[in-house]
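Here are my notes on this model, written for a first reading. Please keep the structure open beside them.

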Amino acid sequence: MASFEVIGGHPLKGEIVPQGAKNEALQILCAVLLTSEPVTISNIPDIRDVNKLIELLRDMGVKVGKLASDTYRFQADAVNLDYLDSEQFVAQGRALRGSVMILGPMLARFGKCQLPKPGGDKIGRRPMDTHFLGLEKLGGKLTLEGTDFYRIKAENGLRGTYMLLDEASVTGTANIVMAAVLAQGTTTIYNAACEPYLQQLCKMLVRMGAKINGIGSNLLTIEGVETLGGTEHRMLPDMIEIGSFIGLAAMTGSEITIKDCQVPELGIIPDTFRKLGIQLEVRGDDIYVPAQDHYEIATYLDGSILTVSDHTWPGLTPDLLSIVLVVAIQAKGTVLIHQKMFESRLFFVDKLIDMGAQITLCDPHRAIVIGLDKRNALRGISMTSPDIRAGVALLIAALSAEGRSVIDNVEQIDRGYQFIDKRLNALGAQIRRL
């Protein structure tokens, strides 16, 4: 198990380029299974979860060529369906949450797929009902072996239908869309997710020959086609990294320019940080965050304390709530953090309290943060990263703290952030991988 040794209290300065979006990559990579023609994808992040998915595709028989450090060409013209029965495939599927998104493409193109229950972050229940209910409505027949191995078949092919999703699941919507583009007839999806990454997937599929209307809304209409062709696709920068860098700059009093942000795709993320009092300036497609000695949390018009909560797009992504929470520690004022979607994502706050933060955990979904206004610095401690996003929040806290911190289980951070220690050290951080 790897660890980070962090010597905090040093302001950072310079420019940093966000990686390609992890959450987009997991969808886009699975979509290459929909065609036998070459698909070239660029701005792929070099992170553990994405690399594991590329390895899985290669082992399934997809030809994978690396054209540059962030660019690959895929061709799924000889997929080995027998590999799905191997012990190696079962182990790969269990280790990667994103593997669930091979179901839609495989079912649409080959009429069958199977998968063990995928793993991923320990952030509470993450049921896959939306995936399976949607695929069943299209004509898939699901069987469960034991408690965690799924088989799904469409012996008579998939047929378009009407469906109302029980939740606006991003990965669930992606799976259903990838199946519906090759189904016979029209599929209408209400309560579809409309995150920028899902929009990117739909636009890529359209370039491949799919017929999708309503992209960017929660109502998608899909006319099935017989086959899809190849294409080229460039992924968006990772909005979670961008938000993390904004929070890092404020927490450590640093001057940072975040390059190539695709600002129009960030939604309310910049304004959410502005509500915490963080100054930021959009310069073309870059975001400049000046060094700040203090930042003050806004209140509502009647003077009541601010609530920051997650919501489906265009609301705030839940992946940034841990960053918002840690940044509020050194603000002036009080904020209520309400994590609606996952019941275990706030359980890392005990580490922040040990560092000197003033946080009250009300229940598994809500925490009140009383800002220190940088009157007292956090103190370095030893801690363990429980998941990707909490791990980076703890890293930000450690970089702002006085003294030495050690963060264990940083493999979790590596799953979502490429070379984060090297990239931050280039700005003046002191992070050593143990």
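1. Asn 23 sits in helix α1. Helices here are DSSP runs of H or I with at least four residues, strands are runs of E with at least two, and both are numbered from the N terminus. This is a predicted model: local features need pLDDT of at least 70, side-chain atom pairs count only at pLDDT 80 or more, and totals for chains, interfaces and linings use all residues. Residues are numbered from 1 along each chain as its sequence is written, and side-chain values use heavy atoms, without hydrogens or water.

2. Asn 23 is partly exposed, because its relative accessible area is 27% (buried is under 20%, exposed over 50%, partly exposed in between; 1.4 Å probe, protein chains only). Leaving out residues up to four places away in sequence, Asn 23 touches Tyr 197, Asp 319 and Arg 389. Contact means heavy atoms within 4.5 Å.

3. Lys 22 also belongs to helix α1, which covers residues 22-31. Lys 22 counts as buried because its relative accessibility is 6%. Beyond four places in sequence, its contacts include Asp 49, Asp 238 and Arg 389.

4. An unreviewed UniProt entry annotates Lys 22 and Asn 23 as "binding site". Such annotations may be inferred rather than shown by experiment; positions follow the numbering used here, and feature names are shortened.

5. Now the sheet. Four strands form an open sheet in the order β21-β22-β1-β23, with mixed pairing. Its edge strands, β21 (382-384) and β23 (431-433), each pair on one side only. Two strands pair if DSSP finds at least two bridges between them.

6. Strand β1 (residues 3-7) runs antiparallel to β23, joined by three bridges. Glu 5 stands opposite Arg 432 in β23.
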